[in-house]
Amino acid sequence: MDQMDCGVEFRNISKRYGSDPSAPLAVKGVSFEIRKGTLTTILGPSGCGKTTVLRMIAGLETPTGGQIIMGGKEVTTLGPADRNVSMMFQSYALFPHMNVLENVSYGLKMSGVAKEEARRRASEALANVGLVGYDQRLPSELSGGQQQRVALARALVLEPAVLLFDEPLSNLDARLRREMREEIRALQQRLGLTVAYVTHDQSEALAVSDLIIVMNDGLIAQSGTPQQMYEYPDSEFVAGFMGEAMLFPAQADADGAVHLGPLLIAPKQRVAAGAVKVAVRPEAWQINRDGSGLAGTLVKFAYLGSFFEYSFETVLGRLFVVSPDLTDVLEIGAQVGLTLADHGVSVVRMA
Amino acid sequence: MNKNPNKALVWWLAAGLLAYLVVPWYAIQDTAWYSVLPQVWSGLETANGIVQALANGRAWLLVGLLGLGIAAVGLRVPVGRAQSHWLLAGGLIGLLGLLASGFAIGARGWSFEYLNAQFGELAINQFGIGIGAFATLLALTVISAFGLARRGYFKGDQFIASAVVSCSALLVLFIVFPVSKALYGAFLTEDGIWSVTAIYERIGNERVWGLSCLAGGVRCGVAWNTLFLALASAAGTTVLGTMMALLAERSAGPRVQAPLRVVALLPIITPPFVVGLGLILLFGRAGIVNQLLEYAFAIEPTRWFYGVLGVWIAQLFAFTPIAFMIMRGVVQGVAPSLEEAAQTLRADRRQTFLTITLPLLKPGLANAFLVGFIESIADFGNPVVVGGQFSVLSTDIFFAIVGAQYDQGRAASLAWILTVFALLVFAIQRGLLGKQSYTTVSGKGDAGIAMALPDSVRRLLNAVVYPWLAFTVIVYLFAFAGGFVQTWGRDYTLTLTHFKTAFGLEWGQFGLIWAGTAWNSLFTTLKLAGISAPMTAGVGLLIAYLLARTEFKGRGLFEFVALLAFAIPGTVLGVSYILAFNVPPVELTGTGLIIVLCFMFRNLPVGVRAGTAAFKQLDKSLDEASLMLRASAAQTLFHVVLPLLKPALVAALVYSFARAMTTVSAVIFLVTAENELATTYIIGRVGNGDYGVALAYCTVLIILMSLVIALIQLLVGERRLGRRKSGALVAPLPAL
């Protein structure tokens, strides 16, 4: 990747809170790049350091070690005002004493843009996020979704080189969440924005991202496209975090084939001979009435509208299987065979 | 990115240079610096820095200019670490050079004997620093701070860096330096020789530490007097204040709320000794009670009230409202849902009160006790008014400095005891409770309803608090009444003579004549308090902002020093100022400025506390959002933080103004005939037995202060927040 193509680059960044050198590191030396014009999601459980990473991009925290490069320039020690970034806060952080228009034009005014010009651009940004006719309202007089749009317009109006989102959808209800998610993605693609997006919700990450970085315990566990992350997790942690997966101990032979009970898997990557683990998504199991494959007995099932959830007793232990087949319904005690599909199966490192 | 990153640096370099060119370098005696501006290119005393250095032979002053020059090189270096070397080097060379020369060369040449021995006598002397020197030092300090910011400290923010460094410098110059210099004086013998035993010789005696009163003797040492009185007063005010707070919040109806609020406000707007005066009119030798006793039972009036009992009662009256305000906030902070939870767990109201409510009040109780203790040991007015033969440390220090003895060493040694007491209690309070606080003021509303008090507790509160309130009102009424009668105890004719003596106006040949004897001190007090209040509020809120919203190395130490002024008794601060600022490089004794500074640093903790409490309730992401929108830290402070902090701003302004108007202990050393203050004037009248005028003056002060407070509230105005009025952003009354 050449310099001009790179929006944000972290080089071996670490961060420790407080001045006590024995305090644990919140971020333990991470390196990654966010390409210009893409949306990169930083995903992870709470306490994994993802928000710290975002705040270091923003300039709200100074790294303990390492370098941050933005647009080819080192910005490690610069404050937020000296970087070309904007951020949308989880709490929105709208100024309660300013109306919508004042909130949105605040950043322009602080950058010394003339009043009229600032008003014009603020109105434009508000129109961009679909919020027209609320200019004179105070934030306390808006609904949650409207506040969200004001916060978005306020961040957009500065035309930042990098736009940051800190769990932007966590305060919305499920329906509005989907709508805003799609809108953020559409806006990002239309305007060609470089976005860093922090969330703990893997389905949100899968839906909006060009690239996902999964963090765990201050380190990057894995990064890749949504498909790569879901289909080919390379660790137990990522497999478990990116949707549901069951892990089975298995044996790899010298040819690279992996034996899982009676089943044979051809892994996508080369595997050294010996003990391995196989992560299987619940939808990767195929149910065969004729009994071919791994023998299983149905012990539990649940109907969830668009699919069935089955539990089978097998030699590998109890299996959790999701079946989209709503026509052929199994009964408790049914004897079937289970085989694996091409997708949703991956061989991961031993933990 | 269109801002010039070096704009602030250019500005401060220019300020430093101008300080060398257009204003006098040294302090000007007898007149204001701006009146000698035309003479800055000539004159021995009035010249600017350049002339002083080149023409008047004080070449060492050039080191500041050299520092500015080195820092200016930084302009030609790209912003970042490389620039920081130049800024730091320039700033520090200039700063340390000027400071070293300032301390080394005084009004009589070299300040230290060994410099005389080393380099021989110096022919040229230096006066105290003036506006030019101060501005240059400030510019160099700020430039050094910019250097630190460019190294990545303070998150690279120049404003934060310069604010932290400048505030620290102020705290060191006006609290740490004078107090340590004064306390150091305790170890110097009469001849100025350092000796560890000097302090022991001064205070290691019966007069200070004697305990004979326990064995039936006449009196105990002043140290014990002070300690016992402070413990008794602190305990008494804490208990009474807590009872009042519980009654006000949990039991009293709306009809009692107004009088309670007035009672809470009284000590803020009255000089501390008003209560003492009121009590004298009641219980003194010529007081109502004694006269009735004489009339009814022919009991000879005596001075039985003067002494430890009188001082203790006066202090209870004077400081209980402070404890009430602290405890009221704490009682409000107890989350009702906790009490409801206890009640659903089968605790009855009495058990809930004893096992939940009271334990939750514990941190507040400790805080109220600490405040009461420190107020008591620092109190000067009440002991001097009703103490009689009973002496405490603060009065002893005063008489050591002002009285016939004029013994600085003794004053410093006694100040040691006072400071150690205060710091001990401060340390015990911090150590016991640490940062633990159970009050739960969160943004989330607590839907619960506060539990009604158990009946037994309520009966007790009613039996104690209402009589106490009535008593308070009576004492104040007597204090007011005293100003309107001829001579208390002898001649009860109503008269306005006292007001005329103090505040008489006459029409003379050239118009209005301020004939009253009190006008001078009133105007001085108003002027000095008026100057110091905005400065106190501003610096206090700035420090609160730095403490609440920024992370930097040494933050703990910074906070400690900022709150130290609170633990240091006013008497000690006053003595320190007079001992430390009477020689160059900082020569302020006798000026109004020293009083303003004393007001400011004495009351600084009030501003800091009001601000800290308010910041805790302001969501931090608002600041960060503003920073992300390219606003600098300074812009954020002015456009986002301050508009949302108006209540805290009002509180800080009101408190610092009122406290400046009513303080006695700290400034009593600093006043001169020229700069007499209202409180010291009143103390003087009381000393002469002239109660009428003193009480008339108190009445005027109280009315005046109520008006000023109303005016400040009107000027600063309401905050614009939309419908969330009853929300969490109510400025709490700060402790003190």
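## A covered helix in chain B

The buried residues of α26(B) are B:Ser621, B:Leu622, B:Asp623, B:Glu624, B:Ala625, B:Ser626, B:Leu627 and B:Met628, where buried stands for under 20% relative accessible area, exposed for over 50% and partly exposed for what lies in between, with a 1.4 Å probe and protein chains only. The helix spans residues 620–628 of chain B and is mostly covered, with eight of its nine residues buried; B:Arg630, which follows α26(B), has a positive phi near 70 degrees. Helices here are DSSP runs of H or I with at least four residues, strands are runs of E with at least two, and both are numbered from the N terminus.

This is a predicted model, in which local features need pLDDT of at least 70 and side-chain atom pairs count only at pLDDT 80 or more, whereas totals for chains, interfaces and linings use all residues. Residues are numbered from 1 along each chain as its sequence is written, chains are lettered from A and ligands numbered from 1 in the order in which they are written, and side-chain values use heavy atoms, leaving out hydrogens and water.

Strand β3 (residues 485–487) and strand β4 (residues 491–494) of chain B run antiparallel and are joined by two bridges, and two strands are taken to pair if DSSP finds at least two bridges between them. B:Thr487 has B:Asp491 in β4(B) as its bridge partner, and in this hairpin, with three residues between the strands, B:Gly489 takes a positive phi near 95 degrees.

## The two sheets of chain A

An open sheet of five strands in chain A has the order β13-β12-β11-β14-β20, with antiparallel pairing. Here β13 (263–265) and β20 (345–348) stand at the edges, each with a single partner strand, so one side of each lacks a neighbour in the sheet. The twist averages 40 degrees from one strand to the next.

## Helix packing in chain A

The axes of helix α2 (residues 100–110) and helix α3 (residues 115–128) of chain A come within 9 Å and cross at roughly 115 degrees; axes are lines fitted to C-alpha atoms, for helices over the stretch in contact, and angles run from 0 to 180 degrees between N-to-C directions.

## The interface between the chains

The contact takes 40 residues from chain A and 29 residues from chain B. About 3,100 Å² is buried between chain A and chain B, of which carbon and sulfur atoms give 60%, buried area being the accessible area (1.4 Å probe) that two parts lose on being put together, summed over both. In chain A, A:His97, A:Met110 and A:Ser140 lose the most area to chain B, together 21% of what that side buries.

Conventions. Contact = heavy atoms within 4.5 Å.
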